[in-house]
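Please consult the sequence and the structure shown below while reading.

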Amino acid sequence: ALTILKTGANVYLTGAPGSGNTHTINEFVEWLRACGIEPSVTAATGIAATHVGGMTLHSWSGIGISESLTRADVDRIASKEHVARRITKAKVLIIEEISMLSATTFGMADAICREVRRVDQPFGGLTVILVGDFFQLPPISRGKNVEFAYTSKVWCDLNLLTCYLTEQYRQDDSEFLSVLSAIRSGEVEEAHYEHLASRHVPVSEIPSVSEVPKLFSHNADVDRINAAELEKLPGKAKKFRMSSKGKDSLVEGLIRGCLSPEVLELKEGAAVMFTKNSPQGRFVNGTLGVVSGFDASGMPIVKTKDGLRITTEPMEWNLEEQGKVKASISQIPLRLAYAMTVHKSQGMSMDAAIMDLSKAFEYGQGYVALSRVRRLSGVYLTGLNQRALEVHPEILEKDRDFRAASDAARDAFA
């Protein structure tokens, strides 16, 4: 995949969760920078953007929250100096979590790039790299019909080479992998249900949320549980406030996408989760632990499940453009880990999670929740409905095309 990316072709990079999409893109970005090319790294959502140190495609292209653009809108946005400068200077545009971007938004970003660059080619002739997995959460749609990015004309015009990563690095449990593969291929059988049913725990045996986090479909449940569990611990909570630098509108976007809160309240004994990857590899986004105390300067010391003791210092989330940091926020890379939403867990690797999939309402929601966890023994199910194991029927068909296209690309390059 990396060899193909280095040719300068337009590429769609995909693969199951844990197959190394993000790792491959990080390697590619490093290589581009070593060649003196600064890529424009964007994402379909704020959370995904903070994982990759970029901004949302909406703010990068200047379309913001528009749902459609008239000719006059395109002219107006294209004539904004900062948008025009950014798009003119760009050489390689990377869009992460493409599955969560609607065809309309994709088309609007293309229209702005063509206008600014005055080149009548997709995205004004930029090299475009799309990354993501359509089996994960779909774009939020106002109407009934979900319009995936690949249905837009631009997708076709980009003449993308598909690179489908098929090796799995997150799960090392073959039984669990077979369940995830069955959901992914739309072939869930009785045996797969039985594997999952073996992790169905009665209420009396559910581990406490202080040991294993619980995944919910809705935000309100998460906030309520996290606050209540912290309240139960003795002592006064220590507060850590986020600091920021840069333009207000850019900072706001970073705060929205950051998994650590603006005011982080912690007590000794609080269950926490890291929200960022450690550059030294000591923890990743999703590592669980417990606050075992605070050091002399008041920083939290976290004891991880593996018994590591980590003194946690503030880290930065940056919004970079053309290699320059335009805005940044700084916070302790932790959040309370009693509960979180399935949506926010996308991109994480978790050792264990309690999940109630009886209320799953969205295609892919159960798949995203289950595929966060490394092995079946870490899954604690309190409910399961049929919908939780369903993926979008349209994607099942499209996935066969992507796999075939990937095989063809591999053969051509061999």
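The crossing of helices α9 and α10 is left-handed. The model discussed here is predicted.

**Helices α9 and α10**

- Helix α9 covers residues 174-185 and helix α10 covers residues 190-197; their axes lie 10 Å apart and the two pack at an angle of about 125°.
- On the side of α9, the contact is made by E175, S178, V179 and A182, and on the side of α10 by H192, H195 and L196.
- Sorted by class, this contact of α9 with α10 contains three nonpolar, three polar and one charged residues.

**Helices α6 and α7**

- Helix α6 (residues 81-89) packs with helix α7 (residues 103-117) at an angle of about 85°, and their axes are 9 Å apart.
- An angle from 65 to 115 degrees counts as roughly perpendicular, and α6 and α7 are therefore described as roughly perpendicular to each other.
- Helix α6 contributes V83, A84, I87 and T88 to the contact, while helix α7 contributes I112, C113, V116 and R117.
- By class, the contact of α6 with α7 has six nonpolar residues, one polar residue and one charged residue.

**The parallel sheet**

- An open sheet is formed by four strands with parallel pairing, in the order β18-β7-β19-β20.
- Strands β18 (339-341) and β20 (379-384) are the edge strands, each of which pairs on one side only.
- On average, and with direction ignored, neighbouring strands of this sheet are turned by 25° against each other.
- Helix α11 (residues 219-232) packs on the sheet and touches β7 (214-216) and β18; the direction of α11 makes about 165° with that of β18.
- Within the sheet, strand β19 (residues 353-357) pairs with β20 in the parallel sense over five bridges.
- Residue D356 stands opposite G383 in β20.

- Strand β13 (residues 300-304) is mostly covered, with four of its five residues buried.
- Five bridges pair strand β12 (residues 288-294) with β13 in the antiparallel sense, and V302 in β13 is the bridge partner of V291.
- Between β12 and β13 there are five residues, and the two strands form a hairpin; G298 in the turn has a positive phi of about 90°.
- Strand β13 is also joined by three bridges to strand β14 (residues 309-311), and these two run antiparallel.
- Residue K303 stands opposite R309 in β14.
- Strands β13 and β14 form a hairpin as well, with four residues between them, and G307 in the turn has a positive phi of about 85°.

**Strands β15 and β16**

- Strand β15 and strand β16 (residues 324-331) run antiparallel and are joined by seven bridges.
- Residue W317 stands opposite I329 in β16.

**Two buried residues**

- Residue S328 is located in strand β16.
- Is S328 buried or exposed? With a relative accessible area of 4%, S328 is buried, because buried means under 20% relative accessible area.
- Apart from neighbours within four places in sequence, S328 is in contact with S243, S244, K245, L254, E316, W317 and N318.
- Residue G364 lies in the loop between β19 and α14 (365-371).
- The relative accessible area of G364 is 1%, so G364 is buried.
- Although G364 and P138 are 226 residues apart along the chain, their C-alpha atoms are separated by 7.6 Å.
- With neighbours within four places in sequence left aside, the contacts of G364 are F135, L137, E390 and V391.

Technical notes. Residues are numbered from 1 along each chain as its sequence is written. This is a predicted model: local features need pLDDT of at least 70, side-chain atom pairs count only at pLDDT 80 or more; totals for chains, interfaces and linings use all residues. Side-chain values use heavy atoms; hydrogens and water are left out. Two strands pair if DSSP finds at least two bridges between them. Axes are lines fitted to C-alpha atoms, for helices over the stretch in contact, and angles run from 0 to 180 degrees between N-to-C directions. Contact means heavy atoms within 4.5 Å. A crossing is left-handed if the near helix is turned anticlockwise from the far one by less than a right angle, and right-handed if clockwise. Ala, Val, Leu, Ile, Met, Phe, Trp, Tyr, Cys and Pro count as nonpolar, Asp, Glu, Lys and Arg as charged, and the others, Gly among them, as polar. Angles under 35 degrees count as roughly parallel, over 145 as roughly antiparallel, 65 to 115 as roughly perpendicular and the rest as oblique. Buried means under 20% relative accessible area, exposed over 50%, partly exposed in between (1.4 Å probe, protein chains only).
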